[in-house]
Amino acid sequence: MTLIAHITDLHLRPRGLTCYRFSDTNMLAERALGAVRALDPKVDALIVSGDLTDRDDPREYALARDLFSRFDRPIYLIPGNHDSSEGMRREMRDFPGMSETRDGKIFYSARIGSLRLIALDSHLSGQSQGELGDEQLAWLDRELGHDSTPTLIALHHPPALSGISHMDKIGLVDADALAEVVAPHAQVERLICGHLHRPIIAGFAGKIMTLAPSTGHQVVLDLSEHGPPMFNFEPPAYFLHYHSDKTGVVSHLAYVENFPGPHHFFADPGVTWPGDERG
Ligand SMILES: [Fe+2]
Ligand SMILES: [Fe+2]
């Protein structure tokens with residue numbers, strides 16, 4: 001059994017500062033990491049799919065290192081549009097894959113139990129949109145060609161559109177080229193992304209794409225044509241990707257907050273459930 005947690009869009013700020021005035025992203029990220037750390041059974045690894053920082057500030061990376069140092073499992077990082085490839089390589093150099101850069105981008109693969117992670121870098125300098133680029137896509141094609149282990153591909157910018165217009169405008173510009181590379185490879189079980197700050201599941205290139213919500217603030221669900229960019233505090237959550245020979249990859253959305261319960265299931269007095277020997 002392999003269990004991988006996927007969190008995203010921490011938007012950390014220098015200690016004591018909030019994000020966009022209302023969002024205490026530092027506290028919320030700490031909470032999310034605490035929830036993942038407390039899981040039983042423990043996860044085999046944690047994937048953080050970008051926007052670790054809000055401003056690519058060394059103080060924000062320092063806080064990320066501090067929060068991650070409390071975690072006793074491997075942590076795999078990729079940059080988002082709010083980070084930078086250079087900043088992440090410089091400030092997070094002890095994390096797996098950070099030294100494997102080509103063409104200014106960070107991309108690498110790692111074995112996690114029975115699964116394989118391919119981490120891609122969609123950061124595009126000075127832009128909110130994302131791009132993978134020809135060199136990275138050629139590398140991905142080679143990687144997928146020589147290893148048939150069930151694979152999760154992590155990238156910050158989701159390649160499929162969401163219907164949330166202001167976010168779709170800052171999506172992945174070379175999504176069609178990515179679809180061509182990914183489509184023929186049956187071992188690709190998931191594309192796991194962030195950036196949208198919402199829990200979303202969609203198809204892409206015949207695969208399943210899961211978007212984790214932010215650990216902080218969420219983007220308002222507005223499917224109107226010209227909806228304005230707004231955020232709210234719908235509950236933060238993360239994905240738990242569970243893999244076993246029996247189940248294949250199953251993706252559970254898990255909430256950071258604790259809710260009332262658990263309670264036992266009891267039938268009303270005098271009612272017997274079919275197959276229930278307790279009467
Ligand atoms: Fe974000
Ligand atoms: Fe983003």
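Mentor: Two packed helices are described by the angle between their axes and the distance between the axes. Here the axes of helix α4 (residues 134–146) and helix α6 (residues 175–182) come within 9 Å and cross at roughly 15 degrees, where axes are lines fitted to C-alpha atoms, for helices over the stretch in contact, and angles run from 0 to 180 degrees between N-to-C directions. Helices (H or I, at least four residues) and strands (E, at least two) are DSSP runs, numbered from the N terminus. This is a predicted model, in which local features need pLDDT of at least 70 and side-chain atom pairs count only at pLDDT 80 or more, while totals for chains, interfaces and linings use all residues. Residues are numbered from 1 along each chain as its sequence is written, and side-chain values use heavy atoms, with hydrogens and water left out.

Trainee: Which residues of α4 and α6 make the contact?
Mentor: Contact means heavy atoms within 4.5 Å; α4 contributes L137, L140, D141 and L144, and α6 contributes A177, L178, V181 and V182.

Trainee: Is H185 buried or exposed?
Mentor: Buried means under 20% relative accessible area, exposed over 50%, and partly exposed in between (1.4 Å probe, protein chains only). H185, in the loop between α6 and β9 (188–193), has 14% relative accessibility and therefore counts as buried.

Trainee: In what order do the strands of the open sheet run?
Mentor: The six strands follow the order β6-β7-β8-β9-β11-β10, with mixed pairing, and two strands pair if DSSP finds at least two bridges between them. β6 (108–112) and β10 (200–204) stand at the edges, each with a single partner strand, so one side of each has no neighbour in the sheet.

Terms used: Chains are lettered from A and ligands numbered from 1 in the order in which they are written.
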